[in-house]
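Subject: Handover of a protein structure

Dear colleague,

Please find below the structure that I am handing over to you. My findings follow it.

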Amino acid sequence: MLSGKTILVGITGGIAAYKICELIRMYKCANAEVLVVCTPNALNFVTRLTLQNLSKNNVAVEEFDIKDFNPEHISYADRADIMVIAPATANTISKIATGVCDNLLTSIACAFTKPILIAPAMNCNMWENPLIRENLNKLHCEILEPESGYLACGYEGKGRLCSLDKIFDKTVELLKYKLLNGKKIVITSGGTIEDIDPVRYISNYSSGKMGLALADTAKNLGADVTLITTTDVSRKYNVIKVKSALDMKSAVENEFDSADCIIMAAAVADYRVKEISPRKMKKTSDDEITLTLVKNPDILKDLCDKKKNAATADISASAPLIIGFCAESENLIENAKEKISKKGCDYLIANDISRKDIGFSNDYNEVTIINKNGGMKKLERADKKTIARGIFEEIYG
Ligand code: PMT
């Protein structure tokens with residue numbers, strides 16, 4: 001099943017390291033070439049001899065363990081088709097997320113441009129720690145969440161390494177299943193920022209998490225990705241930072257001709273301040289002040305109109321698929337249906353922003369995908385990467 005593929009297994013220092021011996025055997029039985037890199041702590045849980053015997057290769061721990069003419073971390077990064085880090089400790093996750101390269105495993109991960117699959121395992125309180133959640137969100141990797149149950153540290157909770165079958169199946173899927181190969185996907189993300197003066201602005205609560213999950217997932221599915229975002233994002237794909245709705249509009253329009261698909265997940269301000277004050281506005285003796293707002297362009301609608309015009313001029317073959325998002329706090333489906341016909345996009349992803357457990361700033365979402373013919377598909381509440389994958393599978397699957 002995996003012949004011709006090279007899998008780089010990264011093992012970090014957690015008790016679940018012993019399970020990875022079996023995972024290596026599974027990859028070998030499927031005819032994969034297996035390379036193993038361990039953090040020094042991993043070898044406290046499993047021996048180098050065991051891993052060497054199972055993988056039929058030397059096990060690398062230090063930079064100079066790899067006998068090659070290339071720098072060690074680069075040679076392993078070049079040779080492997082996928083890197084599977086399991087178990088991934090909170091420590092290693094945080095290092096990779098922040099670009100720390102203080103051992104061979106983290107250095108390889110930093111230089112790795114192909115898919116990285118991470119299967120965390122740790123104490124349940126560490127898993128719930130907001131700092132670890134934040135670092136996980138920074139990763140542009142496929143993450144197989146740990147499972148709940150009895151933990152080796154004596155606690156009951158979420159933190160056990162997920163099943164080896166799950167890791168194996170996801171490895172096969174990432175190596176073989178490239179739903180978006182050859183597609184250029186442009187995604188907008190975050191809330192636009194409309195200046196009032198040099199120190200104040202109008203914006204909204206969009207964190208950019210949904211757009212980032214779409215971009216990371218599209219990348220993992222083989223797409224050439226451009227993310228146009230108002231938030232600070234550091235990724236190996238093309239990221240264009242913008243601020244206002246007008247900036248976002250011109251960045252998206254620049255991508256229109258080369259895109260196969262444009263997804264507007266950004267929360268774009270409908271209005272901006274008519275005249276931005278060049279100096280900080282002073283407090284006056286008046287109890288009220290008035291800001292005059294003017295309408296921003298509707299980027300999504302303008303893109304759809306451009307596509308319609310291209311169709312009229314018979315150059316529609318190259319026009320991108322256009323997908324909008326729809327943030328509603330009441331009558332979700334009814335309002336979304338009205339919006340898709342007003343804007344004219346191919347699909348609209350409706351999410352309920354009145355709920356606290358999904359939507360704005362949350363790690364989770366629940367959406368209904370509506371197509372221009374009125375067809376609907378609901379994706380139940382899940383983390384935003386799972387929702388993103390569900391959207392691509394519904395549209396391109
Ligand atoms: O960023 P997160 O914290 O993860 O939150 C995600 C999200 C809730 C912001 C996201 O899932 C979402 O719903 N994004 C769309 C928000 C929005 O602006 O919805 P809307 O119903 O007001 O607009 C409909 C569509 O028109 C959107 O695709 C929007 O990008 C687009 N639009 C809106 C106004 C405007 N002037 N120009 C536009 O292009």
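How many of the 8 residues of helix H4 (residues 90-97) are buried? In this predicted model, 7 of them are, so the helix is largely enclosed by the rest of the structure. The buried residues of H4 are Ala90, Thr92, Ile93, Ser94, Lys95, Ile96 and Ala97. Their cover includes two strands, E4 (82-88) and E5 (116-120). It also includes the helices H5 (104-111), H6 (124-128) and H7 (130-138). Just after H4, Gly99 adopts a positive phi of about 75 degrees.

Turning to the protein as a whole, its secondary structure consists of 13 helices and 20 strands. The C-alpha trace spans about 75 × 60 × 45 Å along the principal axes. The radius of gyration is 24 Å, which agrees with the value near 21 Å that a compact globule of 397 residues would have. Of these 397 residues, 50% count as buried. Where contacts join residues at least 6 apart in sequence, 66% of them link residues at least 24 apart.

As for the surface, the protein exposes about 18900 Å², and carbon and sulfur atoms supply 49% of this area. There are 52 positive and 52 negative side chains, and the centres of the two sets lie 1 Å apart.

A search of the whole structure for aromatic pairs finds 1. Tyr27 and Phe168 form this pair, which is stacked, with 5.8 Å from centre to centre and 25 degrees between the planes. The pair links distant parts of the chain: Tyr27 belongs to helix H1 (residues 20-29) and Phe168 to helix H8 (residues 164-176), 141 residues apart. Both Tyr27 and Phe168 are buried.

Helix H8 also holds Leu175. Is Leu175 buried or exposed? Leu175 counts as buried, because its relative accessibility is 12% and the cut-off for a buried residue is under 20%. Leaving aside residues up to four places away in sequence, Leu175 touches Leu2, Lys5, Ile7, Asp81 and Ile82. Lys95, one of the buried residues of H4, is 80 residues from Leu175 along the chain, and the C-alpha atoms of Leu175 and Lys95 are separated by 25 Å.

With kind regards

Note on methods. Residues numbered from 1 in each chain as written. Predicted model: local features only at pLDDT ≥ 70, side-chain atom pairs only at ≥ 80, totals over all residues. Heavy atoms only, no water. Helix = DSSP H or I, 4+ residues; strand = E, 2+ residues; numbered from the N terminus. Rg over C-alpha atoms; globule rule 2.2 N^0.38 Å. Buried < 20%, exposed > 50% of the residue type's maximum accessible area, 1.4 Å probe, protein only. Contact = heavy atoms within 4.5 Å. Areas by Shrake-Rupley, 256 points an atom, 1.4 Å probe, with all protein chains shown as cover. Lys, Arg positive; Asp, Glu negative; His and termini not counted. Charge placed at Lys NZ, Arg CZ, Asp CG, Glu CD. Phe/Tyr/Trp six-rings, centres within 6.5 Å; stacked < 30°, edge-to-face > 60°.
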